[in-house]
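Subject: Structure for you to look at

Hello,

Here is the structure I said I would pass on. Please open it next to this email and follow along.

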Amino acid sequence: MHDFRGENDLGITNDAGNSRKLTTDFGGTWFEYGIGANFNVSESTYIYADFERTDGGEIEQPWRVNLGMRYAF
């Protein structure tokens with residue numbers, strides 16, 4: 001993955017006139033990898049699980065787990 005416009009600016013001003021500016025730069029190139037499975041429990045019910053990780057560039061995310069159930073009708 002690559003973010004071509006990673007730099008963001010955010011400006012905040014309160015009622016008293018105080019202001020603050022926040023600049024972040026998440027640009028660069030990184031990759032995501034993972035593994036997952038989808039199991040058919042019955043004719044219309046499925047359970048799934050996947051494990052993913054983001055690494056490289058400015059953004060690094062430790063392992064992420066998604067678990068769920070899906071019912072098709």
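Below is what was found in it, feature by feature.

This is a predicted model, in which local features need pLDDT of at least 70 and side-chain atom pairs count only at pLDDT 80 or more, while totals for chains, interfaces and linings use all residues. Residues are numbered from 1 along each chain as its sequence is written, and side-chain values use heavy atoms, leaving out hydrogens and water.

**Strands β2 and β3**

Strands here are DSSP runs (E, at least two residues), numbered from the N terminus. Strand β2 (residues 7–13) and strand β3 (residues 19–25) run antiparallel and are joined by seven bridges; two strands pair if DSSP finds at least two bridges between them. Leucine 10 stands opposite leucine 22 in β3. The hairpin of β2 and β3 has five residues between the strands, and glycine 17 in this hairpin takes a positive phi near 90 degrees.

**The salt bridge**

The structure holds one salt bridge, meaning a side-chain nitrogen of Lys or Arg within 4 Å of a carboxyl oxygen of Asp or Glu. Arginine 64 forms it with glutamate 52, and their closest N and O atoms are 2.3 Å apart. The pair links distant parts of the chain, with arginine 64 in strand β7 and glutamate 52 in strand β6, twelve residues apart. Buried means under 20% relative accessible area, exposed over 50%, and partly exposed in between (1.4 Å probe, protein chains only). Arginine 64 counts as partly exposed because its relative accessibility is 24%, and glutamate 52 counts as partly exposed because its value is 26%.

**Two surface patches**

Patches are made of residues with over 30% relative accessible area and no salt bridge; like charges are joined within 9 Å, nonpolar side chains (Val, Leu, Ile, Met, Phe, Trp, Tyr) within 5 Å. Accessible areas come from the Shrake-Rupley method with a 1.4 Å probe, and for residues only the protein chains shown count as cover.

The nonpolar patch is formed by Phe31, Tyr33, Ile35, Phe51, Trp63, Val65 and Leu67, with about 770 Å² of accessible area together. β5 (31–40) and β7 each supply at least two of its residues. Tryptophan 63 lies in strand β7 and counts as exposed because its relative accessibility is 52%. Phenylalanine 51, in strand β6, is partly exposed at 38%.

Glu7, Asp9, Asp25 and Glu58 gather in a patch of negative charge (Asp and Glu count as negative, with the charge placed at CG of Asp or CD of Glu). Glutamate 58 is in the loop between β6 (45–55) and β7 (61–71).

Regards

Technical notes:
Helix = DSSP H or I, 4+ residues; strand = E, 2+ residues; numbered from the N terminus.
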